[in-house]
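Please keep the sequence and the structure in view while reading.

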Amino acid sequence: MVQIFTEPETISIELPNAIGLFVTPEQFEALALANPDLRLERSAQGELIVNPPTGGESSSRNLSISGQLGNWCETHEHLGEGFDSSGGFILPNGAIRSPDASWVSRTRWEALTPKQRKGFVPLCPDFVVELRSASDSLSTLQTKMREYIDNGARLGWLIDPQNRQVEIYRQQAEVEILINPAELSGEDVLPGFVLNLRRVWR
């Protein structure tokens with residue numbers, strides 16, 4: 001007698017907001033590998049966070065931001081490495097985050113082993129950008145920005161097209177809010193980098 005084994009059927013489950021799903025770092029890595037098209041994050045407490053795909057406007061805005069940062073990185077390769085929204089970082093507090101755009105200094109990047117560079121990078125980027133989409137809670141993003149700074153980020157931008165404003169986060173400084181700025185400076189963290197916001201505000 002021949003036995004035939006079939007693949008189990010995949011079903012979806014909806015989790016109410018009041019119910020959290022908690023995973024270990026190892027479980028998170030397995031989930032991320034099995035779902036490459038999803039943007040997954042893990043909080044410091046171990047809660048799995050599933051970020052839905054963004055709409056067309058947010059995707060276009062993010063491309064402009066990542067593209068401009070990428071162009072600067074190409075001409076300043078000796079300073080560090082840039083990353084798009086698919087890059088995952090294991091922060092010192094245990095959270096696994098994927099900023100919309102980020103950058104790590106060359107010294108810190110070169111200090112990593114080849115294995116560490118291939119997986120989720122075990123550090124907090126020096127520079128992070130979060131772009132608010134229509135479905136994003138501003139307070140949630142503000143908490144995430146403070147987490148980046150608390151874990152070692154030197155400069156962070158929370159770009160909010162809905163209110164046409166940018167919140168700038170720095171080490172040991174109050175958050176600076178700019179209303180409808182035309183551009184942003186990378187300051188001494190990204191020397192010479194200027195982000196043109198024309199396509200973000202349109």
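## Backbone, charges and overall build

Q172 is exposed, because its relative accessible area is 84%, and the limit for exposed is over 50%. The model is a predicted one. Q172 sits in the loop between β9 (165-170) and β10 (176-179). Its phi is positive, at about 50°, although Q172 is not a glycine. Most residues other than glycine have a negative phi.

E187 is a further case: it is not a glycine, yet its phi is positive at about 55°. The loop that holds E187 runs between β11 (183-185) and β12 (194-196). With 29% relative accessibility, E187 counts as partly exposed.

The next topic is charge. The protein chain carries 18 positive and 27 negative side chains. The centres of these two sets lie 3 Å apart. Side chains of opposite charge can pair when their charged atoms come close. How many salt bridges does the count come to? The count is 14 salt bridges.

| Salt bridge | N to O distance |
|---|---|
| E41 and K144 | 2.9 Å |
| E81 and R106 | 2.9 Å |
| R108 and D126 | 2.9 Å |

The side chains of E41 and K144 meet in a salt bridge. E41 lies in strand β1 (residues 39-42) and K144 in helix α5 (residues 138-150), so this pair ties together parts that are 103 residues apart in sequence. Both E41 and K144 are buried.

E81 and R106 also meet through their side chains in a salt bridge. Strand β3 (residues 80-83) holds E81 and helix α3 (residues 106-110) holds R106, so the pair ties together parts that are 25 residues apart in sequence. Is E81 buried or partly exposed? E81 counts as partly exposed, because its relative accessibility is 25%. R106 is buried, as its relative accessible area is 16%, where the limit for buried is under 20%.

R108 forms a salt bridge with D126, and their closest N and O atoms are 2.9 Å apart. This pair links distant parts of the chain: R108 is in helix α3, while D126 is in the loop between α4 (114-118) and β7 (127-131), 18 residues away. R108 has 29% relative accessibility and counts as partly exposed. D126 is buried, with a relative accessible area of 3%. Salt bridges that share partners also join E41, R97, E130, K144 and E147 into one network.

The last topic is the chain as a whole. The protein chain contains six helices and 12 strands. Its radius of gyration is 18 Å, close to the 17 Å that the globule rule gives for 202 residues, so the chain is as compact as a globular protein of that length. Along the principal axes, the C-alpha trace spans about 70 × 40 × 30 Å.

Of the 202 residues in the protein chain, 41% are buried. The chain exposes about 11900 Å², and carbon and sulfur atoms supply 53% of that area. Among the contacts in the chain with a separation of 6 or more, 54% are between residues 24 or more positions apart.

Conventions:
Residues are numbered from 1 along each chain as its sequence is written. This is a predicted model: local features need pLDDT of at least 70, side-chain atom pairs count only at pLDDT 80 or more; totals for chains, interfaces and linings use all residues. Side-chain values use heavy atoms; hydrogens and water are left out. Helices (H or I, at least four residues) and strands (E, at least two) are DSSP runs, numbered from the N terminus. The radius of gyration is taken over C-alpha atoms; the globule rule is 2.2 Å times the number of residues to the power 0.38. Buried means under 20% relative accessible area, exposed over 50%, partly exposed in between (1.4 Å probe, protein chains only). Contact means heavy atoms within 4.5 Å. Accessible areas come from the Shrake-Rupley method with a 1.4 Å probe; for residues, only the protein chains shown count as cover. Lys and Arg count as positive and Asp and Glu as negative; His and the chain ends are not counted. The place of a charge is taken as NZ of Lys, CZ of Arg, CG of Asp or CD of Glu. A salt bridge is a side-chain nitrogen of Lys or Arg within 4 Å of a carboxyl oxygen of Asp or Glu.
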